[in-house]
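Hi,

Here is the structure I promised to send over.

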Amino acid sequence: MEAAGDEERPLLHHPPPHLHQDGDSRYTNDGTVDVNGQPAVKASTGNLRACFFILVGVQFSECLAFFAISKNLVTYLTSVLHESNIDAARNVSTWFGTTFFTPLIGAFLADTYWGRYKTLVVFLSVYIVGMLVLTVSTTLPWMIQSSNHSEIHRITVYVGLYLTALGNGGIKPCTSTFGADQFDITDPTERVKKGSFFNWFYFLNTIGSLLSTTVIVWVQDNVGWGIGFAIPMILTSLSFTVFIASRRIYRYKSTGESPMTTASRVVVAAARNRRLELPEDCTTLHHSPSPPSEATFNVQHTTQFR
C-alpha cells in the first residue's frame, strides 16, 4: 500500500499564489523582471501576448528556414556543387551533427552569462547572416568568371551552412524556455496558459516543416535556389525585427551559476552522501531557493526507488 501511495503522490508541489514581496499582487512572484530590470507587472508583460511575438518572431521563421535548408540539401550539393551522393550524404550528416551539438554552447551561455533573450538576439543575428551568405552564394557562378569560381562557390556555401548551424545553437535551447518564462508559475491561471503555449509551439513547428517540405522545396526545384533561400531569409529577418520590437512586453529571468557547476555538485554530493541514513522527518530534506523571491518547489519524498 505504501508503494501505491508513492506512485499516486505528485512529485512536484506547486506553491500557492502569494503577494509580491512588497505586498502588491500586480507583480509576478517567480523572480522575473521587465526590460528595465524592475519587477514584472502581470497586466503589461508576459503571458500569451508576449508568446505570440516569440512564436512568430523566432520559432516559426527559424523552423521554416531550417527545413528549407535541410530538406533539399543533398539535392543542392549534388546538382549545384556537383558532389557525389556519398560526399553529399556525409557532408549533410556532418552539418546535422553540428546543428544538434551547438545548442550545448547556446544553453551554457544563456544560463550562465547572457540570459535567454540576449542569447536569442545574438544567435538569431548569426543565423540570418548565414542565410544571407547562403542566398548570395547562389549568384556567385554568374558573378565570378574566373577559373576557380567553383571552389569559391563551394566555400561560400559551407560558410553559410555552418553559420546557420551556429545560429541554431542559441535558438533551439532558448525559444521554448524563454516562452515558458512569460508565465508566472505561482499563478494557477498562468500555469494553465503555459500549456497552451507549448501546444502552439509544436503546432507552428509542424506547420513550418510542412511549408518548407512542400512550398519552399518546390520553389527551389522549379523556380531557383536563390529564390528558395531568399524567401525564408527575408521572413526570418522580418520576424527578427518583430521579436526585437516587442522586447518591452517580455519577462526576463536573471542568470545563475553555470549548470555544469550545479550538475557537478550533485554528483559530488551524491557520492559523499551515499552511506547516509535518511531522517525520519523527510521535510528536512527540503530547502528554500536563493534568492528568496523565486518560487519554491518542494520535491515530494518517495520510497518508490529506494
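Below is what I found, going from model confidence to salt bridges, a buried asparagine and a surface patch.

The mean pLDDT of the protein chain is 83, with 82% of its residues at 70 or more. Where pLDDT is low, the predicted coordinates should not be read in detail.

Now the salt bridges. How many does the structure hold? There are eight, and I picked out three of them to describe here.

One is between the side chains of lysine 42 and aspartate 187, at 3.2 Å from N to O. Lysine 42 sits in the loop between strand E1 (12–13) and helix H2 (47–70), while aspartate 187 is in the loop between helix H8 (175–180) and helix H9 (188–222), so the bridge ties together parts that are 145 residues apart in sequence. Lysine 42 is partly exposed, with a relative accessible area of 21%, whereas aspartate 187 is buried at 16%.

Another pairs aspartate 181 with arginine 116, and here the closest N and O atoms are 2.6 Å apart. Buried or partly exposed, which is aspartate 181? With 6% relative accessibility, aspartate 181 counts as buried. Arginine 116, at 22%, counts as partly exposed. Salt bridges with shared partners also join Lys42, Asp184 and Asp187 into one network.

The third is a local one. Arginine 90 forms a salt bridge with aspartate 87, with 2.9 Å between the closest N and O atoms. Both are in helix H4 (residues 85–114), and because they are three residues apart, about one helical turn separates them. Arginine 90 is partly exposed, with a relative accessible area of 45%, and aspartate 87 also counts as partly exposed, at 29%.

Next, have a look at asparagine 72, which you'll find in the loop between H2 and helix H3 (73–79). At 7% relative accessibility, asparagine 72 counts as buried. What does its side chain make a polar contact with? The partner is the side chain of glutamine 220, at 3.3 Å. Leaving out residues up to four places away in sequence, asparagine 72 touches Val217, Gln220, Asp221 and Trp225.

Last, the surface. Trp218, Val223, Ile227, Ile231 and Leu235 make a nonpolar surface patch of about 460 Å². Which helix gives the most to the patch? That is helix H10 (residues 225–245), with three residues. Isoleucine 231 is in helix H10. Isoleucine 231 is partly exposed, with a relative accessible area of 31%, and patch residues need over 30%, so isoleucine 231 clears that cut-off.

Cheers

Key:
Residues numbered from 1 in each chain as written. Predicted model: local features only at pLDDT ≥ 70, side-chain atom pairs only at ≥ 80, totals over all residues. Heavy atoms only, no water. Patch = residues over 30% accessible without salt bridge, like charges linked within 9 Å, V, L, I, M, F, W, Y side chains within 5 Å. Areas by Shrake-Rupley, 256 points an atom, 1.4 Å probe, with all protein chains shown as cover. Salt bridge = Lys/Arg side-chain N within 4 Å of Asp/Glu carboxyl O. Helix = DSSP H or I, 4+ residues; strand = E, 2+ residues; numbered from the N terminus. Buried < 20%, exposed > 50% of the residue type's maximum accessible area, 1.4 Å probe, protein only. pLDDT = per-residue confidence, 0-100. Polar contact = N/O pair within 3.5 Å; in protein donor to acceptor, adjacent residues only side chain to side chain. Contact = heavy atoms within 4.5 Å.
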